[in-house]
Structure formats: C-alpha cells, structure tokens
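Subject: Structure handover

Hello,

Here is the structure I promised to pass on. Please open it and keep it beside you while you read my notes.

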Amino acid sequence: AERLGVARDGIEVFCSAELADVERTLEQLRPVIVVIDSIQTLHADEAGAVSGTVNQIKFCCQRIIEWAKTHDAAVFLIAHVTKEGTIAGPKSIEHLVDTVLYFDQPEGDIRLLRATKNRFGSTDEIGLFSMEEKGLIEIADPASLFLIHRDGASPAGVAVAPIFEGSRALLVEIQALTVPAKGGISRVFSDRVDVGRVSRVSAVLEKQSGTRLFDQDIYVNIAGGMKVSEVGMELALALAVFSARTGRPLPPKTAVIGELTLSGEVRTVRRLRARIRAAEALGFERLLCPAGTGSEDPGPSSCKAIRVATVGEAIRVLFGTGSKVDDA
C-alpha cells in the first residue's frame, strides 16, 4: 500500500481459506468492495474435503455472490487460468458472475485487460496498461505499441495493419516466414493468429496469385506478442506471406487492411477513417484498403487510401507485374 500510494485507512486484509471464516468476517465488516484471491483456494466443509474441485468452486462462488447481492457489494473473484488461457476449474462458474475479465501479458511490462462477458456493458473495449513501480499505469497512446522501429526499410515478410481492439486503433506488425517443408508435409506454425485462418489465407493466396505454398512450412508471428483476431488483418497477412515467399519487402511507409473472401476478394472494414488517422499519425503515407462501395469516405489525409478489389490487385499495386513466384 505504501509503494502504490494507496490510502490504508479502510482497507482490511483477512487471511483464511475457510468459507465460513470469510463469511463471518464479511458480516462483521460489511465492506463495499471485496476481493477474493483466489476462488479456487476457498474451502467449505459442506462441499467436500478437497479444495479446488468442481463442487467446491461452484458452492463457494454461489455463497459469495449471494452475500454480495444481499448487501449490495462489489465482489472481484480472482481465478487461476490454465496454459490455454481459460479459467481453471469448471467453466460453469462464468455464468454465475456479471463480468469476466482477463489480464493478458503480450510482452514485457505491458498488460491488456479484456472482457469476454459483460452483462451491463460492451465486451469490445480493451484496456492497455504498463506495470510500473507504482502499479498499473494506463497507456494513453498505444497506437505504436506493437510496431518495431527500424532505421532502414522493413525486411521481406513484414506487413503492418491498423486493427481495432475495442475502440482503440492499433498498428500491428505481422511477420511471416516460409521455408521448404521437411518430409514433404507442409505445416503452419502460429500462436498469435489462429492457425486455421493462416491456412485459409494461404490457400486463397496460392489459388488467386499462383504463389506456390503447398511445399512450404509457414511461420506467422505478431510483433510484441499480441493475439490478433480481427478479420481485417487478413489482407496484410496474405501480403506478408507473399513477401516472405518471394523475398520482396513491401514498399516503405505502407499499411494494409482488408478481409479476404475465399474467392480472393477484399471485403470492406469498419471505421476506415480512424484507421487512416492512426496510420497517418505514425508517418505512414499509404494505406491499402478495400474498394467496396460500403467503405466510408476517408476524408482529407496525408496518408493516401489506395483501393483494391482483390488480393491479386493488391499484389500488383505493391509489387508490380510479374510478381508470381517462379515455380521452377
């Protein structure tokens, strides 16, 4: 409390893993905010002998929630997560609470706060914080947080996409690498972008551009360790894979946004104007974006919006004619 500068008056710390002791203390203190750390360690005699079981977690969680509703208190239930990032223990406890929040750690001291469930608000928002000596400090301008700053041009296999996380426009660097498959069986390695999406985008790229990928292992990464799920990054992913396969880097100061269909068309994305402003603020001069009629007017900007209708057209715009990989 002293290190974080938190006023200690009114803050009580109680150490016990017994639900009965916790309930008795809550009745005595009647706090307005309660933090239980962690729900998997609480134990109730009525629910069995072992802590952390399905019955124990559900029983203790229900009792704490009932107390909170009766006394009009806010309760934060801290829960352990598995290596896959899901709450350890029964998934069913998620329906007992009003909001489910996850803290992600993409890189170093950066923390991302996401809501996967919110009964009283949106789940589209995201909080970005830096873990400092004084605790979590909000990052006011996160637009360039996940870009790698280089003195020269970007290498082959790198594409930048302005994506939306909640209401924030972030520019992320998508990195791709292709190498000959070992043993004749190609594989996809990607833990920051869904493997199925990488395989689908690669198949579309191979079909529509003639780029030979069936005999290649494909590696995909997002700089900074951030997980990206927005469909608008698919065109940038395709161009990063094409760049890696051909060894030709994208033109400098160029960002890419757009969703790909199975036929290779580039679909429209939401909030194009905000994406252009985010790219412009970081010195990008061109943004390759969808040509669909649903795309909003980007308005005046020093970052030029270049409209493309297909992934093949995007390749021709950025790399010129004759960009097909030599099958020989």
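What percentage of the 328 residues in the protein chain do buried residues make up? The figure is 43%. Buried means under 20% relative accessible area, exposed means over 50%, and partly exposed lies in between (1.4 Å probe, protein chains only).

Two notes on method come next. This is a predicted model, where local features need pLDDT of at least 70 and side-chain atom pairs count only at pLDDT 80 or more, while totals for chains, interfaces and linings use all residues. Residues are numbered from 1 along each chain as its sequence is written, and side-chain values use heavy atoms, with hydrogens and water left out.

**Overall**

The protein chain has six helices and 15 strands. These are DSSP runs, numbered from the N terminus: helices are H or I with at least four residues, strands are E with at least two. Contact means heavy atoms within 4.5 Å. Of the contacts in the chain with a separation of 6 or more, 61% join residues 24 or more positions apart.

**Cores**

In soluble globular proteins, nonpolar side chains tend to be buried together. A nonpolar core here is a set of buried Ala, Val, Leu, Ile, Met, Phe, Trp, Tyr and Cys residues joined through side-chain atoms within 4.5 Å. The largest one has 46 residues. I174, L235, L237 and L239 have the most contacts inside it. Helix α4 (residues 234–246) gives the largest share of this core, nine residues. Look at L237: leaving out residues up to four places away in sequence, L237 touches I174, V193, V198, V201 and V220. Another core lies apart from the largest one. That other core has 21 residues, including V22, V34, I64 and A68.

**Helices α1 and α2**

The axes of α1 (residues 19–29) and α2 (residues 54–71) come within 11 Å and cross at roughly 5°. Therefore α1 is roughly parallel to α2, a term for angles under 35 degrees. Axes are lines fitted to C-alpha atoms, for helices over the stretch in contact, and angles run from 0 to 180 degrees between N-to-C directions. On the α1 side, L19, V22, E23, L26 and E27 take part. They meet F59, C60, R63, I64, W67 and H71 in α2.

**H43**

H43 sits in the loop between β1 (33–37) and α2. H43 counts as buried because its relative accessibility is 11%. Beyond four places in sequence, the contacts of H43 include A17, E18, L19, Q56 and C60.

**Aromatic pairs**

The whole structure holds two aromatic pairs. Rings of Phe, Tyr and Trp (its six-membered ring) pair if their centres lie within 6.5 Å; planes under 30 degrees apart are stacked, over 60 edge-to-face, and the rest tilted. F189 and Y219 are stacked, at 4.6 Å centre to centre with 10° between the planes. F189 lies in strand β9 and Y219 in strand β10, so this pair ties together parts 30 residues apart in sequence. F242 and F319 are tilted, at 5.1 Å and 55°. F242 is in α4 and F319 in α6 (residues 311–319), 77 residues apart. Both F242 and F319 are buried.

**R275**

Last, find R275 in helix α5 (residues 272–281). R275 is buried, with a relative accessible area of 0%.

Best wishes

Conventions: Parallel < 35°, antiparallel > 145°, perpendicular 65-115°, else oblique.
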